[in-house]
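Have a look at the fold first, and then we will walk through its inner spaces, a sheet and some backbone details.

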Amino acid sequence: MKLKQLLQTGFLLALILSFATENSFSQRLKSGPQDMTFFSTVDESNQPYALYIPENFDETKEYPLVVFLHGAMSNHRLGLERAFGQGNIQGKEFINPNRVTKVTDLEATRVYPKLKSVDYIVAAPFARGTAGYQGIPEADVYQMLADVKSRFKIDEDRIYLTGLSMGGGGTIWLGLSRPGIWAAIAPCCPAPPEGSEEIASNACNLPVHLFVGDQDFLYGTAQVWKKNFEANSASLDYIEYPGIGHNSWEYAFEDGFIFDWFAQFERNLYPNKVKFNTRHYKYNKAYWVTFDKLVPGELASVDAKFNSENSIAITTANLDAFSLHIAKHPQYNSNQKVSVKIDGENFSVKSAGTLSFSKTENGWKNERFTLELTSKQKGAEGPLYEGLASNHVYVYGTEGNPTAEELEARKQVAIRAADIAKFRETSGRVMIFPRVLSDKQVRQSDYETSNLILLGTKETNSIIAKYTDELPIHLDASADDYSLLYIYPMNGHYLMINSGLSWWNLPGGGNASDIMSNIDNLDEFAPSGTAVMMNTPADGLKGLKDFILYKANKGNVICNGYFDSEWSIPTDKANELKASGVVTLK
C-alpha cells in the first residue's frame, strides 16, 4: 500500500514538474524584434517599447544593452529598426510582387523586417510620441530600463545610448544629466532640449559619436555640440555627410554600424577625474561624486581629480556639500590618510571609503551634511515644470457658490490645462493624458500618488483652502487680472497652485500656441543647441522658476524667483510680493 502511494505521489510530482517546465518555456520571449510594455507610475498606464533579443539567447549570460531614442513623429517600433539601419529609407525603393513604391513611416512600422544578428539586447521606448525626453518621457526611459533589467541579465558596464533628431537631443540630455549610467553615447542630428549645453562638461568620461548631414537644418546645432564634445568628452568620433539633410541616420546606423562602435567601450565607474554640473537634486550623482546640498536655482559644479594615490584636488562652484565614494577606486589606499584640497583648503583625512565635506561661513569642513525633512531635496525641489514631470492631476474648484455656467467654465480651464496630448503642427502628437477632477472628486489615493495642479484660490478651491495655513502665498480673490503660479511640496508630492489668470497667458501677451503658429523656422527661433517643443500649456512652464506673479494683460512680471533651501521666500522676493498689494504671505 505504501509503495502504491509513493508511486502515485511520484507520478503527480512528475506531472506537476513537467507542466511547470513546459509552462515556463511557453512564457519565454522569442528571439528577434518584438513589442513589450511596462506599467508606468506616471499615469497608471501600460507603455510600449520595442525590444530585440539576440539569436541563441542564453538566459544565464550577461548582455550589453543599447537604448535607442526615436525622433519626432516616430515611434518605438520604427526606432528599433533605425538602430539596425533598417526601416524605410528615403529615396530608395521598396519592391514587392505587385508594385514599386517608397515606404512610409506607417508602412515600415507595421511589420518588423529581418534585423542583423547582434549579441546585444536593444530597447527603444515610445516616450509618449513627440514630447522630447525631459519630464514624463524621460521618466519613461528609466522605467523601461528598469523593466529590461528585471527581465534579463544586463552588463551594467555596457549600457549604451543613441538616438536621432529629437532622440539625438534626448541622447545628449539623458547621457549628460546621468553620465554614470552609460558606457558611451551616439547622438545623430541632435536637437537637444533647453539646459543641455550648460552640462556639456559632464561628458568628460563619455566616448561620443556625433553624426550630421551638412545640409541639415540642425547642422549649426551639431557644430555647437561638436565643439562642446571636443572640449569635454573622453573621446569624439564625428561624421559629417556631404549633401545630406535631416536624414543622416540612414547612413549613421547603416548595416548595424553602431553596435560595432559601442563594442569598443565599457563604463568605468571610478575614473581618475570627474567634472559634473547640475542644477537639480534629481541629477546629483556622477561616478564617485555626490552633491549633498545645492544652492537653489544655481548651476553647481565640481572638478575632482586623483593626482596620485590618496591625493585628490577639487574645485567647486555653487555647491554647499558633497561626498566622495572612493572605497573601490584604484587610487585609494585604506591604510593611509587621504589628502584632499578643496578650493585651496587642505585636509588630511582617515577614511573608510567615503569622504564628506560641508561649506560653512569659515570655509569647508570634513563633515557629512544631512538635509532636513523640510529642505529642498530629490523629489521636493521644484521648479514649476517638475509638477508635471510625474503623476499629476488637474483640480478645479467648486467652492464659492458658482453658477452652473461658472462651474463649467472652471472645468473647461482645467481641461485646457491638461491638454498635453494636443497635436503639434511641427512635430506630431504627444500621448500623455492626465486626469481632470473637481476638488470634491479628489480621493485619498490621489493625495498619496499624484501631484495636484490646483486651479483657483482658497475661496474657490477647497483643497487650496485645506492647506491655507501651510501654503506660503495666496492671491487675493479680487485680483482677477493677475496670475500667481507656484510649486510647493506637500506629503511627499507637489502642489502646484495657479490662482487668477491661467499660466499659459504668457507675460508679454499671447500664449504658447500663438507663439508656435508664428514660427516658420524652428532652428532660427531656438537658442543655439536647443530644441523647441512648445504648443501646450505644459510647455509654457519650461524655463520658469519656483514662483511667478504677473499682471498678464500688461506683460508686467512683478515677482519671479526660487524658494530658498528650506522652501521659504527669500527676503527680497517677499518684499516684491508684498509691494504688489495683491497677495498674502504666510
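The largest cavity is lined by 14 residues, and those nearest its centre are Pro137, Tyr385, Ile420, Ile432 and Ala538. A cavity here is a set of points, on a 1 Å grid over the protein atoms alone, where a 1.4 Å probe fits but cannot get out, and lining residues have an atom within 4 Å of a point. Please keep in mind that this is a predicted model: local features need pLDDT of at least 70, side-chain atom pairs count only at pLDDT 80 or more, and totals for chains, interfaces and linings use all residues. Residues are numbered from 1 along each chain as its sequence is written, and side-chain values use heavy atoms, with hydrogens and water left out.

**Inner spaces**

Rolling a probe the size of a water molecule over the atoms shows where empty space is left. The count comes to two cavities of 30 Å³ or more. A volume is the space filled by probe spheres set on the grid points, which are joined across faces, edges and corners. For the classes in the table, Ala, Val, Leu, Ile, Met, Phe, Trp, Tyr, Cys and Pro count as nonpolar, Asp, Glu, Lys and Arg as charged, and the others, Gly among them, as polar.

| Cavity | Volume | Lining by class |
|---|---|---|
| Largest cavity | about 100 Å³ | nine nonpolar, two polar and three charged residues |
| Second largest cavity | about 40 Å³ | six nonpolar, three polar and no charged residues |

Among the residues lining the second largest cavity are Tyr447, Leu452, Met490 and His493. Strand β28 (residues 493-500) gives the most to this lining, with three residues. Strands (E, at least two residues) and helices (H or I, at least four) are DSSP runs, numbered from the N terminus.

**An open sheet**

Five strands make up an open sheet with mixed pairing, in the order β11-β14-β15-β17-β18. At its edges stand β11 (273-278) and β18 (345-349); each has a single partner strand, so one side of each is left without a neighbour in the sheet. From one strand to the next, the twist averages 15°. Two strands pair if DSSP finds at least two bridges between them. Strand β17 (residues 338-342) runs antiparallel to β18, and five bridges join them. One of the details to look for is Ile342, whose bridge partner in β18 is Glu345.

Strand β15 (residues 311-317) contains Ile314. This residue is buried, with a relative accessible area of 3%; buried means under 20%, exposed over 50%, and partly exposed in between, with a 1.4 Å probe and protein chains only. Ile314 and Val302 are twelve residues apart in sequence and 6.9 Å apart in space, C-alpha to C-alpha.

**Backbone details**

Most residues other than glycine have a negative phi, and most peptide bonds are trans. In the loop between β6 (121-125) and α4 (136-151), Ala127 has a positive phi of about 55°. Arg128, found in that loop between β6 and α4, has a positive phi of about 65°. Ala127 counts as buried at 3% relative accessibility, and Arg128 counts as buried at 0%. The peptide bond from Gly382 to Pro383 is cis, with omega near -5°. Pro383 lies in the loop between β20 (363-365) and β21 (392-396).

**Cysteines**

How many disulfides does the structure hold? The number is zero, where a disulfide is a pair of cysteine sulfur atoms within 2.5 Å. The sulfur of Cys189 has its closest cysteine sulfur in Cys188, at 3.9 Å, which is too far for a bond. Cys189 is buried, with a relative accessible area of 1%, and Cys204 counts as buried at 15%.

Conventions
Axes fitted to C-alpha atoms, helices over the stretch in contact; angles between N-to-C directions. 1 Å grid on protein atoms, 1.4 Å probe; cavity = no way out; pocket = protein on both sides within 12 Å on 5 of 7 lines; lining within 4 Å.
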